[in-house]
Amino acid sequence: MLTLGTSAQAIASCLLFGLPFLLPYLLRTEGLTLAQGGALVAAPSLGLVVTLIAWGAFADRYGERLAIAIGLGLTGVIGLTSATVSGLGGRAVLFALMGAAGASVNSASGRLVMGWFGVHQRGLAMGIRQMGQPLGFGLAGVLLPPLAARGGLPLALAVPATTCLLVTAA
């Protein structure tokens, strides 16, 4: 469960917080201003902040497995959908929704550690789970710019979104 929770945290972080690594590509190819690009790549954070507490309550009521599965699955589906949209407004809305769905991983994977590990194991387990965020950022920095250079924004979004779906299935 810790491996799955950490993997979910890493791939969600790659997709949600890896978008700034695509900013140079977006500015160059989409003709966005720096302010527009900045707002676009910040959209997932807005969605995340708005839904973190709700996902925590959902996890408390229905369990962390269901919260992670639904949220990460939705993150992947919305990520794949955002790969097909070209307008700034539509893409921003989808990115915010992607962040809203991805918040499930942040809330529920912490709960997972609290429920699956004893008092004397939780610190280490939480550290391992939390390691998923910087791993996801690093993965995004290495993976997303070359994917965008090769196949554009659709490929750069589709690869981590599809991986979200694979981790959901696991």
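User: Which residues does G73 touch, leaving aside residues up to four places away in sequence?

Analyst: In this predicted model, G73 touches I68, L165 and T168, once residues up to four places away in sequence are not counted. G73 itself is found in helix α4.

User: Is G73 buried or exposed?

Analyst: G73 has a relative accessibility of 12%. Buried means under 20%, so G73 counts as buried.

User: How far apart are the C-alpha atoms of G73 and L112?

Analyst: They are separated by 17 Å, and the two residues are 39 apart along the chain.

User: Staying with α4, how should I read the packing of α1 and α4?

Analyst: Two packed helices are described by the angle between their axes and by the distance between those axes. Here helix α1 covers residues 2–17 and helix α4 covers residues 64–82. Their axes are 11 Å apart and meet at an angle of about 30 degrees. Angles under 35 degrees count as roughly parallel, so α1 is roughly parallel to α4. The crossing in which α1 passes α4 is left-handed.

User: Which residues of α1 and α4 meet?

Analyst: From α1, the residues are A8, I11, A12, L15 and L16. In α4 they meet I68, L72, T75 and G79. The residues of this contact divide into seven nonpolar and two polar, with no charged residue. I68, part of this contact, is also one of the residues touched by G73.

User: How many disulfides does the whole structure hold?

Analyst: A disulfide is a covalent bond between the sulfur atoms of two cysteines. A search of the whole structure finds zero disulfides. For C14, the nearest cysteine sulfur is that of C164, 8.1 Å away, and C14 is in no disulfide. The cut-off for a disulfide is a pair of sulfur atoms within 2.5 Å. C164 is likewise in no disulfide, and its nearest cysteine sulfur is that of C14.

User: Are C14 and C164 buried or exposed?

Analyst: C14 is buried, with a relative accessible area of 0%. C164 is buried as well, and its relative accessible area is 0%.

User: Where does Q133 lie, and which residues does Q133 touch?

Analyst: Q133 lies in helix α7, which runs over residues 132–169. Not counting residues up to four places away in sequence, Q133 touches Q9, S13 and N106.

User: Is Q133 buried or exposed?

Analyst: Q133 has a relative accessibility of 18%. With buried set at under 20%, Q133 therefore counts as buried.

Key. Residues numbered from 1 in each chain as written. Predicted model: local features only at pLDDT ≥ 70, side-chain atom pairs only at ≥ 80, totals over all residues. Heavy atoms only, no water. Axes fitted to C-alpha atoms, helices over the stretch in contact; angles between N-to-C directions. Helix = DSSP H or I, 4+ residues; strand = E, 2+ residues; numbered from the N terminus. Parallel < 35°, antiparallel > 145°, perpendicular 65-115°, else oblique. Left-handed = near helix turned anticlockwise from the far one by under 90°. Contact = heavy atoms within 4.5 Å. Nonpolar A, V, L, I, M, F, W, Y, C, P; charged D, E, K, R; others polar. Buried < 20%, exposed > 50% of the residue type's maximum accessible area, 1.4 Å probe, protein only.
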